[in-house]
Amino acid sequence: MTTNDDQKSLKINAWGETIGERVSTYLSPTLKEDPADAEVISHKLMVRAGLIRKLSAGIYNYLPMGLRSLWKLERIIRSEMNRSGAKEILLPCVQPGDLWRESGRWEQYGPELLRFKDRHDHDCVFGPTHEEVVTDIIRREIRSFRDLPLNLYQIQTKFRDEIRPRFGLMRGREFIMKDAYSFDVDDQGAEVAYRKMYRSYENIFRNCGLQFAVVEADSGPIGGSYSHEFMVLADTGEDALVSCPGCGYAANMEKAELTDYPAQSAPAGPLTKIHTPNCTDVPTLARFLNIPESSILKSMLFEASSENGPEHVLVVIPGNREINLIKLKNALGGLTPVLCTPQAAEEITGVIKGYVTPLGAKVRIIADQMSAKLTAGVVGAGEKDYHFTGARPGVDFKIDGVFDLAQTQAADPCPRCGAPIVLKRGIEVGHVFKLGTKYSKALGSTFTAPDGSDKLIVMGCYGIGVGRTLAASIEQNHDRDGIIWPMALAPFQVILLPLEVQNEQISTAAETLFDQLTELGVETLLDDRDLRPGNKFKDADLLGIPIKITISKKGLANGQFELKHRRTGEVVMIPEKDASKIIFGLCTLALQKGGQN
């Protein structure tokens, strides 16, 4: 038990947090087994290490160990945001539905928007983001060009009612987000604000000790003219990204451009109908005809709903390529495409799967750029077990539009310099958008220009998933024994492991070092539990605290402590009399190196 005197002796840092803690009085429940519902490593380890506990689907409690790391990340974010000149605010979670109707997103956002009514029967939402609310502040408070530029940010809870929340903090329903919004008099000013936030984000993730990439991205439901994603690199990442080692071009898979890629025309000749029994898929047909898969033009029927009702679109693409649905959505003017089921496609075209043809099709046809360039291809004949060879795009069948629709593959030529593209995996943790006047126009947010005219404010917005960044850090930094925290995000910098707490010499040495380290400001966790050494070692590795100090009879007999680096596994013996100074120096050096240890 901790006495009142013990509580009074706890040292507090400048942020009001304890510098040192004892495991016996700290809520840090560890588990030996992975939780049954956890699929990704960060979810497994955050639960096992006692950082979080599930309340309901996609909603988690932060326990003390997890909250310490969260606070550290928030401090890094605040430091860079404040250094950039942004001003912190705090906006309500609950927002009036009327604001969302003004912006047009009440209908657009979809079921992820949690809608409800208050006791006065007013429509409300639990905010998934705050563009409407912050724009409402600006339209009420900003009058003149002299009041601009301005950047406001907050760190706050959001809610998006994901249909299938999973992966712990990676894709939850309730989450903590840093969102910032810039306001400028023109596009030039907005570009300056965007680049300033871009650099601030680079500093934030670098100071977290994370390896990351910045990629061009699609703006999605937030809108705007262009955007970039910040991706923590991890082999277990849920997102694919492309990068060019030649010129540095990088984009997520949704946005990745293709100006050219290998595709081979079928042999030239007259349009000929041939018998292709049981060739219902591209690989089978390619083997039957002994031609490359890229010589086959597969035709896929999509449905896109608009105010005028559903529209059916036939998409033609080389057989060795997959369709990028975001590119297709943009090609359709923002309408969401849904691939028709084989049954629905047969009802509409009268043809079974594998034999749909663009020849004579009564629907709109759009083609991927490379399929349109082929001099001839193999297409379905609109009849079971038959295909056409020698089909010429734009000649034997109409093309109503040509677009970049294909998904990038490894070794495709870079759209900037032509060097082979490399595919990587990553986790999106930040996103910056250049919004333009989308929200200021919808909500009537204007300022008076020097010539006396009213002009729309030009906006940008900038988000970081705070809890998601913690999870991404673990996806990037772990081994089979547990978490490997970067020094900048670790809940504690050092863990002390006295192996026999009943031994007075060992416990005294541990308490003395604990006091020395906390006096120096080193965040230290003392495992004062009376447990077997193996249990303490396993918990220390699971928690991932960067520096582990073992205090044993053998070491003390030589006047030494054992110091082990969690990341490298390197073990060194350090003199007991100089231990606090050595440990303090290691922690300071790690933080100076950008948070990595």
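Mentor: Start with confidence: pLDDT is the predictor's confidence in each residue, from 0 to 100. The mean pLDDT of this protein is 93, and 97% of its residues reach 70 or more. This is a predicted model, in which local features need pLDDT of at least 70 and side-chain atom pairs count only at pLDDT 80 or more, while totals for chains, interfaces and linings use all residues. Residues are numbered from 1 along each chain as its sequence is written, and side-chain values use heavy atoms, with hydrogens and water left out.

Trainee: Where does pLDDT stay under 50?

Mentor: Where pLDDT is low, the predicted coordinates should not be read in detail. Here that concerns residues 1–8, where pLDDT stays under 50. The model has 3 contacts (heavy atoms within 4.5 Å) for these residues beyond four places in sequence.

Trainee: Into which domains is the protein divided?

Mentor: Domain bounds come from an automatic or database domain assignment. Domain 1 covers 20–30 + 479–592, domain 2 covers 68–200 + 432–473, and domain 3 covers 272–403. Between the C-alpha centres of domain 2 and domain 3 there are 41 Å.

Trainee: In which sense do strand 14 and strand 20 pair?

Mentor: Strands of a sheet pair through backbone hydrogen bonds, either parallel or antiparallel. Helices (H or I, at least four residues) and strands (E, at least two) are DSSP runs, numbered from the N terminus; two strands pair if DSSP finds at least two bridges between them. Strand 14 (residues 272–275) and strand 20 (residues 386–391) are antiparallel, with 4 bridges. I274 has H387 of strand 20 as its bridge partner. Strand 20 is also joined by 3 bridges to strand 19 (residues 377–380), again antiparallel, and there G380 stands opposite H387. Strand 19 and strand 20 form a hairpin with 5 residues between them, and G382 in the turn has a positive phi of about 75°.

Trainee: At what angle do helix 3 and helix 7 pack?

Mentor: Axes are lines fitted to C-alpha atoms, for helices over the stretch in contact, and angles run from 0 to 180 degrees between N-to-C directions. For helix 3 (residues 64–83) and helix 7 (residues 187–207) the angle is about 150°, and the axes are 9 Å apart. Helix 3 and helix 7 are therefore roughly antiparallel, a term for angles over 145 degrees. Residues making the contact include I76 and M81 of helix 3, and M197 and I204 of helix 7.

Notes: Angles under 35 degrees count as roughly parallel, over 145 as roughly antiparallel, 65 to 115 as roughly perpendicular and the rest as oblique.
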